[in-house]
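Let us walk through this structure from the whole chain down to single residues. Keep the sequence and the 3D view side by side as you read.

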Amino acid sequence: MRELARLYSIQISYEDAGGETRKASRDSLEAALRARIPEGVDLKEAPALRRRTLEERLLEPVTVVWGGRRPTIETRLQGVVEWQITLEDGSVREGRGEVVDGSLVLPDRLPHGYHTLKAGQAETFVIAAPMEAPAPNARSWGVFLPLYAVRSRRNWGAGDLGDLEAVRKWVEELGGGVVATLPLLASFEDEPSPYSPVSRLFWNELYLDLERLPEWSNELRDPRNVAPLQNSDQVDYEAVGAARRRALEVMARRFRPDDDFHGFASQGAYGYAHFRAAKEERESAGYHLYVQYRMARQMRFLADEARRAGVGLYLDFPLGVNPGGYDAWKYGRSFAKGVSVGAPPDAFFTKGQNWGFPPFDPDAIREQRYDYFRASIRHHVSHAGILRLDHVMGLHRLFWIPVGGEAADGVYVRYPEEEMYAIVVLEARRAGCAVVGEDLGTVPKYVPRMMERHALRRMYVIQYEIRPEGDEPAGNPTAASVASVNTHDMPTFAGFWSGADVDDRLEQELLDREGAERERENRERMRQALTSFLAARGLLENDSRDTKAVLEALLRFLSASPAEIVLVNLEDLWLESEPQNVPGVPERSWKQKFARTLEEMRGDPELTRILRTVQEARKEVHGNET
């Protein structure tokens, strides 16, 4: 079992967030192995088969060439080798070279791109990538908002791209340049989580700005149906989706396809639309083609406008996909069977987490030249000025949990990190998109080193960084980072400051009573250390009981820091206590609307004052860089 785990890059132990070594159980190790070895192969026979497969491989399926260096190809070929490389543009280079110490060095540098090298009957997919992803085009600040949560007079009970554009213009007027949101990807109507998309290649029509579509007419909006959806404090996805669909189906019938539409549909949308129609058991492929076409056009316009005006949209790339969705069906060979992805227990989630989606099969994605992963990354970076990679550790390893098992029973499986980073960096450089890695949780030391090597920005989150001891209890954001007070997976600042999240964790049995008491005592030490730190820096005059004063002081601290981007969670500005996501509690996740409408936010002098303070602090420190 140990030998087989080594051959398949499965870790038999790992170091948890507390620094303790955790060993894999036999059952979890066997489940991970069963997901990797060929079907029908006995575990006892598998090591010999795996060794033979690796030894007979003359060229690796994938080769990475970094930073314009001369290509070095690892090979088991010997002597003088004739080779041919077909570049991405279709041109061909040929030559002969001698294999020395298992490597064939080509004479000329390759242009950045995807190429295919053949030597004899063997071939390798060559990724020639720049060494670093681009930086954001300016130091800036912006706001974070879950788009579905936005209330406005014009939307239909859930925020849409018209609201996103309105927020972007508001932030621009105040001097900012970034609007960050959660994934905007296609999803099933009964699955509100933005992290369980049907596809990472198509957008969610829930966010279409209906009244901006060419096929729109005013009689399609019935105030009697829309008003209850607007007035609800939570997004009723099924009701909102049904009301919008009635209008969209009328517009789809009015639509007259042209060459642009047919070109769009032929690039994969036909297959997606027919999959959705089959799932719905109705003749709705035409509807899905129409909404995807219109969504693609609105996203393109919004992305271009955001880049023209500032840093651009800050989009979120989810780690996985819905196991019953289009991507899992279309690219099923890319995913491992019998296991799901999650995270081991840590200080926040003491039982661990099971996210319920299938992991990539490391061998399969290499054999398929990462076609799906490349397309998914390209889809996002072509629209974003900054792309956040959810759980960036997934480029290195993922925590595989046997289906039906507990999250704590998982094992880590390693991935070809150089190859995955090369794709991310190449696609990002081509699109001019900066990349941020969500590196919170159990983070091995090699992850930040790799991120720095390839210029992926890190996340600095105050609520994660606070330590009650030392001279700098809030730490210090680095230059190549995106800084914020919290994230969508954490308590709001008001909830954190009051300790409401401790009560939540006690109720969910993530803490026992003794652990909750220790956490409350630690939280009080955090509050005292942080307020003393902020007061010493001249950022806070009042004591820790004034939650808004502490929040403003923290925002000024972040704004004056070296961080390239500072994000303000809009809900924190009115001291919202209920979080957008309570992991493991679906009835309290991904549904809550903002307490204020977009019109009220824009007209609120207090909110405007706080955001202007952020702009002034950024400009004072960074001047014309902002």
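A contact means heavy atoms within 4.5 Å. By that rule, residues 24 or more positions apart account for 72% of the contacts in the chain with a separation of 6 or more. This is a predicted model, where local features need pLDDT of at least 70, side-chain atom pairs count only at pLDDT 80 or more, and totals for chains, interfaces and linings use all residues. Residues are numbered from 1 along each chain as its sequence is written, and side-chain values use heavy atoms, with hydrogens and water left out.

Start with the whole chain. The secondary structure comes to 20 helices and 21 strands. Both are DSSP runs, numbered from the N terminus: helices are H or I with at least four residues, strands are E with at least two. The radius of gyration is 26 Å, close to the 25 Å that the globule rule gives for 626 residues, so the chain is as compact as a globular protein of that length. That radius is taken over C-alpha atoms, and the globule rule is 2.2 Å times the number of residues to the power 0.38. Along the principal axes, the C-alpha atoms fill a box of roughly 75 × 65 × 50 Å.

Now consider the surface. Of the 626 residues, 59% count as buried. Buried means under 20% relative accessible area, exposed over 50%, and partly exposed in between (1.4 Å probe, protein chains only). The chain exposes about 26700 Å², and carbon and sulfur atoms supply 46% of that area. Accessible areas come from the Shrake-Rupley method with a 1.4 Å probe; for residues, only the protein chains shown count as cover.

Next, find a sheet. Strands of a sheet pair through backbone hydrogen bonds, either parallel or antiparallel. Here an open sheet of four strands has the order β14-β13-β16-β17, with antiparallel pairing. Its edge strands are β14 (353-354) and β17 (411-414), each pairing on one side only. Two strands pair if DSSP finds at least two bridges between them.

Follow β13, residues 339-343. Two bridges join β13 to β14, and four join β13 to β16 (residues 397-402). Gly-342 stands opposite Asn-354 in β14. In β16, the bridge partner of Gly-342 is Phe-399. Ala-343 stands opposite Gln-353 in β14. How many of the five residues of β13 are buried? Five of the five are, so β13 is largely enclosed by the rest of the structure. Val-339, Val-341 and Ala-343 cover one side, with Ser-340 and Gly-342 on the other, and all are buried.

Two single residues complete the tour. Ala-428 lies in helix α12 (residues 417-431). Ala-428 is buried, with a relative accessible area of 0%. Its contacts, not counting residues up to four places away in sequence, are Ala-133, Pro-134, Val-381, Cys-433 and Val-435. Ala-428 and Ile-386 are 42 residues apart in sequence and 9.2 Å apart in space, C-alpha to C-alpha.

Ser-481 is found in strand β20 (residues 481-484). Ser-481 is also buried, with a relative accessible area of 2%. Leaving out residues up to four places away in sequence, Ser-481 touches Arg-457, Arg-458, Tyr-460, Ala-563, Glu-564 and Ile-565.
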